[in-house]
Amino acid sequence: MKRSWRGVIALSAVLFLNIVCTQLTVNAFFYDKFRLVLIYAACNVLLFPVSLWIYRKERDRA
Amino acid sequence: MDQDQEQKSKNGQIPFPEDNYTHNIRKMGERKLDRRGFMKMMVGAAGVFAVSTLPWGTIAFNELTGLKKRTYEPKKIADQASLKVGDAIEFSYPGEHDSALLVRLGNDEYKAYQNACTHLKCPVFWSQEDGELLCPCHHGMFDVRTGKPTAGPPKRPLPEIVLKTENGSVYATGVKRYET
């Protein structure tokens with residue numbers, strides 16, 4: 001089987017977005033922009049099922 | 001092509017149908033961190049990120065919906081007639097032990113702050129000659145119009161008290177949100 005790094009790359013992208021969203025959440029919180037905090041926190045939470053989906057897809061591909 | 005397909009379906013099975021003698025040289029360690037394990041770890045990390053932002057989200061939600069917003073009872077501080085322009089009076093608000101200072105700056109201009117110095121909680125006094133709020137412990141100074149520190153060790157502004165004048169008296173109606 002040829003090795004495919006697609007899943008690893010996609011998950012890396014997800015983790016990068018996680019870091020970005022976390023930083024933006026904390027930043028918005030510091031400046032009392034609570035609506036933005038909620039949006040970024042929701043993004044972060046939603047990224048978890050996305051990563052799970054990517055993993056499942058890659059696992060079942062083989 | 002056929003062989004390829006067969007290989008795929010039998011991947012991960014034992015015995016591994018591959019004709020070489022080297023693929024299991026380090027059999028104990030070869031599956032320790034394979035690609036799938038690494039991907040599992042990444043999913044777990046995404047989960048940790050998701051959970052770690054939940055507290056921020058809940059605090060923000062509470063702030064937005066105002067569920068935990070503090071309300072303060074209005075309290076009469078002094079009569080306007082008893083306080084000359086440029087004078088100050090001490091009172092306590094909102095609690096009995098939260099000492100505060102009311103300064104009359106103009107005919108209709110009042111300012112009040114909680115007067116525990118933001119450095120080490122010494123009581124802050126109104127210095128009429130300097131026109132500043134003065135903390136005698138380490139000579140901290142605060143601007144009387146904004147509450148912001150102008151000199152000395154304190155770095156944060158004094159919490160301002162919201163005022164209302166009615167029927168010749170000055171009332172305290174709230175404390176402004178503490179800003180960093």
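**Exercise 1. What percentage of the 62 residues of chain A count as buried?**

Solution. The model is predicted: local features need pLDDT of at least 70, side-chain atom pairs count only at pLDDT 80 or more, and totals for chains, interfaces and linings use all residues. Residues are numbered from 1 along each chain as its sequence is written, while chains are lettered from A and ligands numbered from 1 in the order in which they are written.

Step 1. A residue is buried if 20 or more other C-beta atoms lie within 10 Å of its own, exposed if 12 or fewer, and partly exposed in between, with C-beta atoms placed from the backbone.
Step 2. By that count, 27% of the 62 residues of chain A are buried.

**Exercise 2. Describe helix H2 of chain A and its buried residues.**

Solution. Step 1. Chain A has two helices and zero strands. Helices (H or I, at least four residues) and strands (E, at least two) are DSSP runs, numbered from the N terminus.
Step 1. H2(A) covers residues 34-61, which is 28 residues. From its first C-alpha to its last it reaches 41 Å, close to the 40 Å expected at 1.5 Å a residue; the expected span is 1.5 Å times one less than the number of residues.
Step 2. Among the buried residues of H2(A) are A:Val37, A:Tyr40, A:Leu47, A:Phe48 and A:Ile54.
Step 3. The buried residues of H2(A) pack against helix H1 (6-30) of chain A together with H2 of chain B.

**Exercise 3. Characterise the side of chain B that touches chain A.**

Solution. Step 1. In contact with 26 residues of chain A are 24 residues of chain B; a contact is a pair of residues whose C-beta atoms, placed from the backbone, lie within 7 Å.
Step 1. Helix H1 (2-9) and helix H2 (35-65) of chain B are the elements that give two or more residues to this side. H2(B) gives the most, with 21 residues.
Step 2. Sorted by class, this side of chain B has 13 nonpolar, six polar and five charged residues. Ala, Val, Leu, Ile, Met, Phe, Trp, Tyr, Cys and Pro count as nonpolar, Asp, Glu, Lys and Arg as charged, and the others, Gly among them, as polar.
Step 3. The predictor gives the complex an ipTM of 0.91 and a pTM of 0.56.

**Exercise 4. Follow strand S7 of chain B and its two pairings.**

Solution. Step 1. Two strands pair if DSSP finds at least two bridges between them. Strand S6 (residues 132-135) of chain B pairs with S7(B) in the antiparallel sense over four bridges, and B:Leu133 stands opposite B:Phe142.
Step 1. S6(B) and S7(B) form a hairpin with four residues between them, and B:His139 in the turn has a positive phi of about 55°.
Step 2. On to strand S8 (residues 149-151) of chain B: S7(B) pairs with S8(B) in the antiparallel sense over two bridges. The bridge partner of B:Met141 in S8(B) is B:Ala151.
Step 3. This second hairpin has five residues between its strands, and B:Gly147 in the turn has a positive phi of about 85°.
Step 4. B:Gly140 and B:Phe142 make up the covered face of S7(B), and B:Met141 and B:Asp143 the uncovered one.

Key:
Two residues are in contact if their C-beta atoms, placed from the backbone, lie within 7 Å.
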